[in-house]
Amino acid sequence: MTVGFYALVAIVILALLFVKMAVVIIPQSETRIIERLGKYYATLRPGINIIIPFIDRAKSIVTVQRGRYVYSSTIDLREQVYDFDRQNVITKDNIQMQINALLYFQIVDPFKAVYEINNLPNAIEKLTQTTLRNIIGEMELDQTLTSRDTINTKLRGVLDDATNKWGIKVNRVELQDIIPPQSVLQAMEKQMQAERDKRATILTSEGTKQSQILQSEGEKAAKINRAEAEKQQAILLAEGEATARIKKAEAEAAAIEKITEAVGKSTNPANYLLAQNYIKMLEQLAQGDKTKTVFLPYEATNIMGSLGGIKELFNAQ
């Protein structure tokens with residue numbers, strides 16, 4: 001009775017172990033490669049899968065966990081990222097510097113990832129390093145520092161083609177750090193400082209130039225305005241003098257008309273005006289400095305004519 005009970009319990013336990021080993025539950029975005037008696041049998045899909053214990057066995061694959069290579073029977077189909085250590089590369093102009101890269105890839109064919117390559121992470125890392133050295137070796141230092149997108153595109157294209165037979169899809173590659181030597185960094189800093197000083201000098205000279213241009217334009221405008229004002233002033237003065245002369249001439253004409261009306265048409269009004277001006281001149285000479293002798297050259301006929309005109313004028317009156 002006791003032996004039979006223990007035998008039954010043992011059978012039940014073995015049955016439970018057999019069922020546990022036969023039923024394999026695969027999470028989403030994961031898979032396993034099953035070998036039956038050492039030969040590829042199936043690729044398990046997410047969900048419940050049935051295998052034969054002790055006959056079917058999951059094939060192990062190398063993965064990276066916390067920076068170390070670890071064998072695992074589970075294959076992760078999600079996008080993965082590898083952060084490679086810094087490596088020394090040499091540019092086309094013989095400048096040695098350190099670069100580390102981030103690689104984003106995804107396993108699209110688990111069969112190839114298991115059977116086409118022994119150590120997948122190590123193979124990807126070495127391929128990335130050698131390809132990166134080749135790409136950097138074709139570029140100069142300045143190009144390397146300013147062409148990250150170009151380097152990433154070239155590197156991704158080469159890696160995607162090379163890893164295709166491993167069942168890997170390289171989605172993108174990013175250069176994380178590009179570290180030139182300390183001497184090159186110091187030279188670059190000096191160059192940048194010199195370039196900033198140059199730009200500052202150029203901007204200062206441009207500002208001075210613009211200031212001088214604006215000042216000269218202001219002086220030019222001021223001179224033009226002054227010349228225009230002087231021109232307008234001269235025009236107004238000339239117009240004023242012309243108007244004054246016209247008014248004066250009109251006044252003299254009106255006076256002559258009045259004199260003509262007063263003395264009559266028989267008498268020449270010019271004689272009257274001449275005599276009047278002659279008398280005013282004599283009055284001014286008489287009021288001048290009496291210690292001086294003044295000689296008045298004149299023709300007797302003119303004087304007599306003037307006096308005759310005066311006489312005629314008085315006779316007419």
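I looked up Asp76 first. Asp76 has a relative accessibility of 22% and counts as partly exposed. The model is a predicted one.

Next I checked the partner of Asp76. The side chain of Asp76 meets that of Arg78 in a salt bridge, 2.8 Å from N to O. I then asked how many salt bridges the structure holds. The count is five.

I turned to Arg57. The side chain of Arg57 forms a salt bridge with that of Glu35, at 3.0 Å from N to O. This pair links distant parts of the chain, 22 residues apart. Arg57 sits in strand E5 (residues 56-58) and Glu35 in strand E2 (residues 30-36). Are the two buried or exposed? Glu35 counts as buried, at 5% relative accessibility. Arg57 is partly exposed, with a relative accessible area of 48%.

I noted another bridge, between Asp160 and Lys169. Their closest N and O atoms are 3.1 Å apart. Asp160 has a relative accessible area of 16%, so it is buried. Lys169 is partly exposed, with a relative accessible area of 35%.

Last, I looked at a nonpolar patch on the surface. Phe5, Tyr6, Val9, Ile13, Leu14 and Leu17 form the patch. Together they have about 610 Å² of accessible area. I picked out Val9 and asked where it lies. Val9 is in helix H1 (residues 2-22). Val9 is partly exposed, with a relative accessible area of 33%.

How values were computed:
Residues are numbered from 1 along each chain as its sequence is written. This is a predicted model: local features need pLDDT of at least 70, side-chain atom pairs count only at pLDDT 80 or more; totals for chains, interfaces and linings use all residues. Side-chain values use heavy atoms; hydrogens and water are left out. Patches are made of residues with over 30% relative accessible area and no salt bridge: like charges are joined within 9 Å, nonpolar side chains (Val, Leu, Ile, Met, Phe, Trp, Tyr) within 5 Å. Accessible areas come from the Shrake-Rupley method with a 1.4 Å probe; for residues, only the protein chains shown count as cover. A salt bridge is a side-chain nitrogen of Lys or Arg within 4 Å of a carboxyl oxygen of Asp or Glu. Helices (H or I, at least four residues) and strands (E, at least two) are DSSP runs, numbered from the N terminus. Buried means under 20% relative accessible area, exposed over 50%, partly exposed in between (1.4 Å probe, protein chains only).
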